Structure formats: structure tokens, C-alpha cells
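Thanks for coming, everyone. Let me put the structure up, and then we'll go through some side-chain contacts.

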Amino acid sequence: MLRRIALLCAVALIGLSAGGCLRKGGEDVTGSINKASLGNNPDAWRAAADEWGRRYDEKPGEKTVSLNYARALRMLDQRQQAVAVLEAAAIKSPKDTEILAAYGKALVEVGNFKQAQEVLSRAHTPERPDWRILSAQGAVADQLGDHAGAQQLYNAALKIQPNDPGVMSNLGLSYALARQLPQAEATLRRANEQPGADSRVRQNLALVLGLQGKFGEAESIARRDLPPVEAAQSIAAVRQMVGQSDTWSKIRAADARATSTRDKTPARATASRNTGRPVAQAAQPVETEEPAGN
């Protein structure tokens with residue numbers, strides 16, 4: 001259970017939606033595919049992937065079709081194929097910031113951080129910054145080891161969207177990666193107090209508390225979202241990790257594994273849809289939309 005509670009970037013992609021479609025007033029820009037209605041139902045997402053895949057065959061690279069097809073693919077953990085779909089859309093519409101935002105986040109999910117950094121930098125402009133993309137850029141900077149730069153990006157996002165629990169949680173995790181644990185704890189506590197703070201924020205707070213030896217409180221917080229036995233196992237794993245000399249290398253390794261999910265398909269493979277029935281994974285893809293206003 002260490003992986004479940006110790007994924008330091010479990011919410012570090014907050015800032016873009018699960019399919020790359022930015023939110024306006026609580027609705028998807030495309031208005032076409034909605035996670036709230038499909039939930040975590042694998043059959044529903046397979047059906048969505050089949051439907052949008054057929055549309056993609058008819059209109060490859062078209063914006064709405066590409067965004068929705070990629071979203072369904074990512075929910076089915078076919079993330080390399082989603083990258084290929086969004087890459088084709090970005091080639092067709094190289095200045096469309098919504099497509100670039102989705103493409104950048106998809107690149108992060110397959111661990112292509114350098115390319116994601118470049119793509120996300122084109123997804124908004126200095127005169128019209130998007131706090132969601134700033135947060136995603138911060139996540140990339142953290143993955144590349146630039147924690148100071150990441151923190152600047154998170155703080156810039158918070159100036160636009162004050163007290164957003166997802167961005168605050170990302171900032172707290174960045175402090176943790178920089179070994180600034182008291183500051184990480186204070187930031188995560190504030191994040192946990194905000195309306196909309198979810199289980200990811202609490203898990204991150206529990207992790208940071210555990211890293212400081214505050215195991216009782218960490219387990220108490222973990223129990224809000226995990227069964228008692230799982231919560232105890234998670235904190236016990238953190239306790240064991242704290243007692244080892246290579247704690248920080250293990251944390252970073254777990255973090256890298258969490259955000260570098262890969263399959264066997266090359267990133268630049270054809271963007272034509274998979275005609276087979278994709279197998280949904282038990283683990284839900286990292287969400288970047290609900291409820292932290294991403």
C-alpha cells in the first residue's frame with residue numbers, strides 16, 4: 001500500500017482535465033464526454049472509445065473528436081495511443097491552446113517530461129496565463145528536479161486561483177521533494193482545509209506527516225479514505241521507509257513510477273484507433289479535473 005499513499009505526484013497534474021478539455025463554469029469545453037456521467041465504468045468507457053474511435057476514423061485530427069477519443073483512451077489506460085491521437089491533432093492545429101494543453105498532459109502521463117515542458121509552454125501565453133497549465137508546468141518541473149522553479153509556477157497559479165486545494169497540494173508535495181517537510185506540512189494542512197479538498201490531498205498530508213514521524217495522526221487521516229487495515233499498512237510502510245537511509249531516493253523512485261506509466265506502443269505510432277476492445281485497468285488514471293477545479 002506504500003504506492004497508494006506515497007505517490008508524491010498523485011495530484012501533481014491537477015491543472016488540466018482528465019481528457020485535456022479545460023473547464024469553464026463546470027462544463028467541458030467540448031460538452032461531449034463527461035467523466036461524471038461515465039464514472040469508473042470500464043464498459044461505458046470502452047463504448048465511448050469505440051464511438052469516438054469511429055468518429056476519429058472519419059475525421060482524424062479534428063479537435064472535439066481527438067480530445068474526446070484521447071480522454072476515453074486514457075481512462076482505459078491506453079495512454080501511448082492517446083498521445084498519438086493528440087499529437088496528430090496538435091500537428092493539424094499547432095496554435096490551439098486547448099489541444100496543446102491536452103497533449104502536454106498526455107506526454108506527462110507517459111513520462112515524456114522534456115517534450116511536455118515544451119508543449120505546455122505553448123498552451124498559454126504570459127499575457128494570458130492559465131492557472132491550470134501553470135500547475136501542470138509545475139508538476140513537470142518537479143519531475144525534472146527543479147523544485148524551486150516548480151514552486152514559482154504553483155505560486156503563480158495560486159495568484160490567479162487563490163486557495164485551490166489541488167494546486168496547494170502540488171506545492172506542498174514540491175516542498176516535500178525539496179526536503180522542506182515543515183513547510184510541506186503547513187501547506188498541505190491549508191490545502192486540506194479548503195472546500196473541495198479530496199482524498200488525494202489527505203493522502204499527501206498523511207505521507208508528509210509520516211515522513212516526519214507523526215505516524216498516529218498520519219494513520220488517522222489515512223483512515224478517512226482507506227479501510228483501517230489498509231491505512232495501517234500504508235503508514236507502516238512509510239514508517240519502514242523513514243527508517244532507511246535511502247528514503248528520499250525511494251520516494252522519488254515511487255513518484256517516477258507513478259507518473260511514467262508506459263505501454264509497448266511507441267509514442268509516435270499511428271493515431272488510428274485500436275479496433276480491439278481495450279482492457280480497463282483497476283487503477284483509475286490520475287485525475288486532474290475534479291474536485292479541485294482543474
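Predicted model: local features only at pLDDT ≥ 70, side-chain atom pairs only at ≥ 80, totals over all residues.

Which residues are linked in a network of salt bridges? The structure holds 17 salt bridges. Now the network. Its members are Arg74, Asp77, Arg79, Lys105 and Glu109.

Start with Arg74 and Glu109. Their side chains meet in a salt bridge, at 2.7 Å from N to O. Arg74 lies in helix α4, residues 63–75, and Glu109 lies in helix α6, residues 97–109, so this pair ties together parts that are 35 residues apart in sequence.

Are these two buried or exposed? Take Arg74 to begin with. Its relative accessibility is 3%, so Arg74 counts as buried. Glu109 has 2%, so Glu109 counts as buried too. The cut-off for buried is under 20% relative accessible area.

Stay on Glu109. Its side chain also meets that of Lys105 in a salt bridge, with 2.4 Å from N to O. How far apart are Glu109 and Lys105 in helix α6? They are four residues apart, which means a separation of about one helical turn. Lys105 is buried, as is Glu109.

Next, Arg79 and Asp77. Here the side chains form a salt bridge at 3.0 Å, N to O. Look at the accessibility of each partner. Arg79 is buried, with a relative accessible area of 7%. Asp77 has 23% relative accessibility, so Asp77 counts as partly exposed.

On to the rings. How many aromatic pairs are there? The count comes to one. The partners are Tyr56 and Tyr69, with ring centres 5.5 Å apart and planes at 40 degrees, so the pair is tilted. Tyr56 lies in helix α3, residues 42–58, and Tyr69 lies in helix α4, so the pair ties together parts that are 13 residues apart in sequence. Both Tyr56 and Tyr69 are buried.

Last topic: charges over rings. Which ring does the charged end of Arg55 sit over? That would be the ring of Trp52, with the charged end 4.2 Å from the ring centre. Arg239 does likewise with Phe215. Its charged end sits over the Phe215 ring, 4.0 Å from the centre.

That's my tour. Over to you.

Key
Residues numbered from 1 in each chain as written. Heavy atoms only, no water. Salt bridge = Lys/Arg side-chain N within 4 Å of Asp/Glu carboxyl O. Helix = DSSP H or I, 4+ residues; strand = E, 2+ residues; numbered from the N terminus. Buried < 20%, exposed > 50% of the residue type's maximum accessible area, 1.4 Å probe, protein only. Phe/Tyr/Trp six-rings, centres within 6.5 Å; stacked < 30°, edge-to-face > 60°. Lys NZ or Arg CZ within 6 Å of the ring centre and 35° of its normal.
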